[in-house]
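Here is a short briefing on backbone geometry and the chain interface. Please read it alongside the model.

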Amino acid sequence: MFLINCPYCGERDQSEFSCGGEAHIERPKQPTELSDDQWAEYLFMRKNVKGIQFERWNHIHGCRKWFNVARDTSNDKIHAVYKMGERPPIK
Amino acid sequence: MLNFNSPIKEEKKYNDLKIIEVEPIIKINLRSNKREFSTKIGKILSILPPNEANTSSGNEKFNLLWLSPDEWLIYSNDNKMTLNDQKNLEDKLFNEISKLNQGAVTNVSDHWIMINLNGNKVYDLLSKSCPYNFNDFKNKKGSVAQTIVNHVDVILHNYEDNNLNLFVRRSFSEDLWLWLNDSARLI
């Protein structure tokens, strides 16, 4: 269990949130021109790194807004929380 | 509201705690991100929608709760407001906001059930199954929190000291009511 600082509501318990998977995956501009392998890569393949990972989270039991989180998957430490459409504040 | 029939039909009293359902009252959900929206609401209700997170504004007739940066909930303080007055208010908001593409107005009176919790043990009761930190909430009149109590989504409004209104979805209301009463016996 850990706390997440929702950019809209403030600090809340993790149980109020839902993780939406890896962030910053761009939809291909011309999906019809992709091969099956490239399309599968876009749809299914995720990094799942040990270390800092950029994720989308939704405050599902609160304001119901989506935002991004930079979380260290090895210890659940949250390094940054930033709104949708913004660039990651850390690399 | 048609054929109002609440699943909760009683008032419960415990040591330093009273739990009662307050119905029927009108509840209207508002959504907008337009600038003119606040002015229109101010003219109709004489209250401005709060912009600060987890807060509310109100007068003797209505309360306006912040739910998210573009969403608010209006509820009436008066459970004797006639159906005609409720319809007039809804129509007025709908005509001034929804029809003019200034936002969305939805009557959610039958969607939410309002339960009033009153007494010194209110926060002891909620803390038994709620991950929310009530330290700031209970000291600030008018605070609003959307969280979970016993895994059920609720909206909490700090109406007065140790007197809060809890909104729960109708389909979950009986379950939460039973849990509140079970837990109230043990605090």
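B:Asp16 sits in the loop between strand 1 (11-14) and strand 2 of chain B. Its phi is positive, about 60 degrees, although B:Asp16 is not a glycine. The model is predicted: local features need pLDDT of at least 70, side-chain atom pairs count only at pLDDT 80 or more, and totals for chains, interfaces and linings use all residues. Residues are numbered from 1 along each chain as its sequence is written, while chains are lettered from A and ligands numbered from 1 in the order in which they are written.

**Loops and backbone**
- Helices (H or I, at least four residues) and strands (E, at least two) are DSSP runs, numbered from the N terminus.
- B:Asp16 counts as partly exposed because it has 15 C-beta neighbours inside 10 Å.
- A residue is buried with 20 or more other C-beta atoms within 10 Å of its own, exposed with 12 or fewer, and partly exposed in between; C-beta atoms are placed from the backbone.
- A:Asn48, also not a glycine, has a positive phi near 55 degrees.
- A:Asn48 lies in the loop between helix 1 (36-44) and strand 4 (52-58) of chain A.
- A:Asn48 has 9 C-beta neighbours inside 10 Å, so it counts as exposed.
- The peptide bond from B:Glu23 to B:Pro24 is cis, with omega near -5 degrees.
- B:Pro24 is in the loop between strand 2 (17-21) and strand 3 (27-31) of chain B.

**Interface**
- In chain B, 10 residues are in contact with 11 residues of chain A (C-beta atoms, placed from the backbone, within 7 Å).
- Strand 5 (62-68) and strand 9 (144-149) of chain B each supply at least two residues of the side that touches chain A.
- Strand 9 of chain B gives the largest share of that side, 3 residues.

Terms used
Two residues are in contact if their C-beta atoms, placed from the backbone, lie within 7 Å.
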